[in-house]
Amino acid sequence: MLAVTVNVKDRLLEIRDVDRKGKGNVLLKTLRNGICGTDREIANFKFKYTQPEEGEYLILGHEALAKVISVKDEGLFKENDIVMPINRRGCGKCLNCILGRPDFCDTGLFRETGIRGLDGFMREFFYDDAEYLVKVFPGIEDIAILAQPLSDLEKSVEVILKIQERLNWRCWDSTYSCRKALIGGTGPIGILTSLLLKTMGFDVTMMNKREINEVEEEIVKETGINYYDNTKGLGSLEGGFDIYFDTTGYIPLILDAIRLSKRNSIIALFGFPSTDIKGDFNSDLLFNIIDKQIAIVGLENGQKPHFERALVHLATWKSIWPKTMAKLITRKVKIEDFEEVKKAIKEKGKDEIKVIIEWG
Ligand code: BGC
Ligand code: ZN
Ligand code: ZN
């Protein structure tokens, strides 16, 4: 059976024959995988937490759409169901993991498929337990793969709203219409976050350090999200913002955002830094955070309820923003085209949003 593997010892990204199907009650056939920034970091040996399940290689992949081939115990799933596996699994020791919220694992001993300590979904077949599978309803199979990254963001926005309950954050009209959200980065995470916050009524601006491209122009036109080119910094963003959601991991930008964000705002940090960059955290900035009561929060990983919500949002967006949703998967590569698949995993193409691997 074919799989995409990363050999951490010899630093090799390979597509090869393996006989590791994993464990579980449900046998699944992979239909497609999404490639994300984390895969890219792992494949380029830059990701800090990469850890094989056993031996020297890790099977890559944490975004998958799969078909049920067989089920040992009849129950939640049946043959031919289309499902998505969730990617983080609990440590089995802490209360959060035992209660089904390994995204808040207290011990740090959780595992993540294709990332930390568990083989991933870039393989022809795998076994998994029904408790880790989410059923995909018909009509959205074409974009359902986006539910994995979106699940991380559903969780993130849930956390942001919880934290902001510390004040009266809704506006005079009881919505979030007066709250400005600035999103750093326009990759899949930046765009999906923008769509999500727009759906919730926020005044959303997505931002990149360049002129707007064609796809972003269409998104702006269809959804009413704004675009800001931050080549010259954040200075001309009128009136500041109530959320800065970072997907870039670029420290100087984050520090600027803290400086310019409004009173009672929240700085949401999602993007890991990919290079070793330093920034000037100084006493002025500390005064600023305390006096303006700015909350700063790190965010990662969505769980089953977030996957479910993500699928509902994808279905909604497909109907209200069809042009946008048709543009988010920018490229499909077939697993048989080994070199192309490896290149797609290692390098991000120009203006690329989501690239997927198709299994025959
Ligand atoms: C995944 C998350 C995961 C994170 C950290 C992301 O690419 O989508 O679910 O928690 O990486 O490993
Ligand atoms: Zn990811
Ligand atoms: Zn735990």
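Q: Start with C97 and C105: buried or exposed?
A: Both C97 and C105 are buried, where buried means under 20% relative accessible area, exposed over 50% and partly exposed in between (1.4 Å probe, protein chains only). This is a predicted model, in which local features need pLDDT of at least 70, side-chain atom pairs count only at pLDDT 80 or more, and totals for chains, interfaces and linings use all residues. Residues are numbered from 1 along each chain as its sequence is written, chains are lettered from A and ligands numbered from 1 in the order in which they are written, and side-chain values use heavy atoms, with hydrogens and water left out.

Q: Why does C97 count as buried?
A: Because the relative accessible area of C97 is 10%.

Q: And what coordinates the zinc ion (ligand 3)?
A: The SG atoms of C91, C94, C97 and C105, at 2.3 to 2.4 Å. Donors are N, O and S atoms within 2.8 Å of the metal (3.2 Å for Na, K and Ca); water is not among the atoms, so sites may look incomplete.

Q: What spacing do the donors follow?
A: Along the chain, the donors of the zinc ion (ligand 3) are spaced C-x2-C-x2-C-x7-C.

Q: Different topic. How many disulfides?
A: One, counting pairs of cysteine sulfur atoms within 2.5 Å. C171 and C178 form a disulfide, with 2.1 Å between their sulfur atoms.
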